[in-house]
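Please keep the sequence and the structure in view while reading.

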Amino acid sequence: PFEKLKDGLFSAPSSRESKDITGFNVNENDSTVSITVVGASGDLAKKKIFPALFALYYEGCLPEHFTIYGYARSKMTDAELRDTVSKTLTCRIDKRENCGEKMEQFLQRCFYHSGQYDSQEDFVKLDKKLKEHEGGRVPHRLFYLSIPPNIFIDAVRCASLSASSGNGWTRVIVEKPFGRDSESSAALTKALKQYLEEDQIFRIDHYLGKELVENLSVLRFSNLIFEPLWSRQYIRNVQLIFSEDFGTEGRGGYFDNYGIIRDIMQNHLLQILALFAMETPVSLDAEDIRNEKVKVLRSMRPLQLENVVTGQYKSHVRGGITYPAYTDDKTVPKDSLTPTFAAAALFIDNARWDGVPFLMKAGKALHNKRAEIRVQFRHVPGNLYNRNIGTDLDQATNELVIRVQPDEAILLKINNKVPGLGMRLDRSNLNLHYAARYSKEIPDAYERLLLDAIEGERRLFIRSDELDAAWALFTPLLKEIEEKKIIPEYYPYGSRGPVGAHYLAARYKVRWG
Ligand code: NDP
Ligand code: BG6
């Protein structure tokens, strides 16, 4: 059953496994969930939110009674919304039966309401329509703010004052960016808290919903072989790598105000780092996990400019095709110094991680697309086989690679003997390749996060003190980069990025994996 929270809100129990097949164990006839996608005409809504909601519906994870409303300023009828949405829904389960039928049923539960984001009157009209669908059941309401950040507060004010649930819960999913530095983030939190309790705010970092990021704690805390090695005693360095093989195409206007450090490092990579490095939480409860993550963030040194390299992609011609420079984007100023690439060395000053470099690298328009965690272990003391392996010590150490995407996998590099009568050593991978091991497709991160928000599970969402701690690490650096107008190192579109990243890693005796 739902737990009653102190502020009158309701929260589902945290373990999805304890629920029935629908993942929703209230007396379903008594309640209903209304999901309003605010900014439904936008890119994210089409690309991620509606497809994720459909996948949840298809998998039987949505409650029996639910309604989805699209809300935006654009004029659209219900039929037009359904038509637009239908183009983006994929039968990723298309090998199964009834996908088309299910899609039609899902679309019949989708409606549209056109309104301004700052008009309480328009939200009152939305409220009236929601009530008609809720049919007297206990109404639970989820608002997904899929809009630019400058209108978050208006939308929250109007939704909370004019369209929040009376006797059910009201929750709001907020998309990043949560500000652009400590001050603006604190101001956003303060403004949100005028209308919402912290328990009602679900700050999304979709990397936390990725399968291999979720698996990180399972790997650490349920395998005897990893946790005892998880410290400065055995780990030489940790690398957190994000790269995309395309530029800021279409999002230059947004990106230029943020840059790669805010777009990827301060949130996605830092969140992974916190999960990777935290102490064992008291339980799997959201607050216990988030308490440990905050401790990691608060034990870290704020980033120093000398430990950071920035880059920006420039135009490159390959195979007769001209790939554009970042500043060729019409929405980006020609003289923009915004980094599209950054590498940084970070340190956690606590007993477990003292002196271990955590190296982050994130970039757009690079030679490949990947997100990975690489853990390089120390050398075997007095290794008997060193001479057989050769002089390159890097080649001889164990490495654990957690490939978040694409082609999800966990690889453990070990040394082994080449079969035969001689004694030659080789390096091989113990390989958990998800596609080979599991036939079921991996759900999109947004599916997991939306379901968690519906169920009131906060583990994968960012608490305000985590956010403050994250900004405290990056704000002084970001200000210095901007004040000093640091010129990024230019790298060709489709390359491996600036060579400075290699010098930075070499300073800490690290070679990027
Ligand atoms: P869009 O720019 O597509 O905006 C969404 C909708 O908001 C638009 O369709 C428009 O609807 C309305 N809107 C846009 N600009 C304004 C404005 N200046 N004033 C008022 N309304 C406006 O955003 P996305 O869908 O790309 O992203 C939504 C949110 O998600 C943003 O906060 C973004 O940072 C975040 N995000 C997006 C990702 C992506 O891949 N797109 C990835 C991660 C986060 P209408 O005109 O009909 O009202
Ligand atoms: C978003 C960033 O948060 O994550 C984008 O704003 C980036 O710039 C995207 O492209 C990457 O997400 P994914 O899931 O495609 O790796």
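Two residues are in contact if their C-beta atoms, placed from the backbone, lie within 7 Å. The model is predicted: local features need pLDDT of at least 70 and side-chain atom pairs count only at pLDDT 80 or more, while totals for chains, interfaces and linings use all residues. Residues are numbered from 1 along each chain as its sequence is written, and chains are lettered from A and ligands numbered from 1 in the order in which they are written.

**Helices α1 and α3**

- Helices (H or I, at least four residues) and strands (E, at least two) are DSSP runs, numbered from the N terminus.
- The axes of helix α1 (residues 43-58) and helix α3 (residues 99-108) come within 10 Å and cross at roughly 115°; axes are lines fitted to C-alpha atoms, for helices over the stretch in contact, and angles run from 0 to 180 degrees between N-to-C directions.
- This crossing of α1 and α3 is right-handed; a crossing is right-handed if the near helix is turned clockwise from the far one by less than a right angle, and left-handed if anticlockwise.
- On the α1 side the contact is made by F54, Y57 and Y58, and on the α3 side by K102, M103 and F106.
- By class, the contact of α1 with α3 has five nonpolar residues, no polar residues and one charged residue; Ala, Val, Leu, Ile, Met, Phe, Trp, Tyr, Cys and Pro count as nonpolar, Asp, Glu, Lys and Arg as charged, and the others, Gly among them, as polar.

**Ligand surroundings**

- A residue is near a molecule or strand if its C-beta atom, placed from the backbone, lies within 6 Å of it.
- Around ligand 1 there are 19 residues, and the closest are G42, L44, A72, R73 and S74.
- Helix α1 gives the most to the shell around ligand 1, with three residues.
- The shell around ligand 1 divides into ten nonpolar, five polar and four charged residues.

**The seven-stranded sheet**

- Seven strands form an open sheet with mixed pairing, in the order β5-β4-β3-β6-β7-β8-β19; two strands pair if DSSP finds at least two bridges between them.
- The edges are β5 (110-114) and β19 (461-462), each with a single partner strand, so one side of each is left without a neighbour in the sheet.
- Strand β4 (residues 66-72) runs parallel to β5 and is joined to it by five bridges, with A72 opposite S114 in β5.
- Strand β5 is mostly covered, since four of its five residues are buried; a residue is buried if 20 or more other C-beta atoms lie within 10 Å of its own, exposed if 12 or fewer, and partly exposed in between, with C-beta atoms placed from the backbone.
- In helix α5 (residues 152-162), the buried residues are F152, A155, V156, C158 and A159.
- The cover over these residues of α5 includes β3 (31-38), α4 (120-134), β6 (138-145), β7 and α6.

**The nine-stranded sheet**

- A second open sheet has nine strands in the order β18-β17-β16-β15-β9-β14-β13-β10-β20, again with mixed pairing.
- Its edges are β18 (425-433) and β20, each with a single partner strand, so one side of each has no neighbour in the sheet.
- Neighbouring strands of this sheet are turned by 20° against each other on average, direction ignored.
- Strands β9 (residues 235-243) and β15 (residues 370-377) run antiparallel and are joined by eight bridges; the bridge partner of V238 is V375 in β15.
- Helix α9 (residues 259-277) lies across β9, β13 (341-346), β14 (358-363) and β15, and runs at about 145° to β14.

**Backbone exceptions**

- Most residues other than glycine have a negative phi, and most peptide bonds are trans.
- A cis peptide bond joins K176 and P177, with omega about 5°; P177 is in the loop between β7 (170-174) and α6 (182-195).
- Another cis peptide bond joins Q405 and P406, with omega about -15°; P406 is in the loop between β16 (399-405) and β17 (409-417).
- The loop between β16 and β17 also holds D407, a residue that is not a glycine but has a positive phi of about 55°.
- D407 is exposed, with 9 other C-beta atoms within 10 Å.
- K485, in the loop between α15 (464-483) and β20 (489-492), has a positive phi near 50° and is exposed, with 8 C-beta neighbours inside 10 Å.
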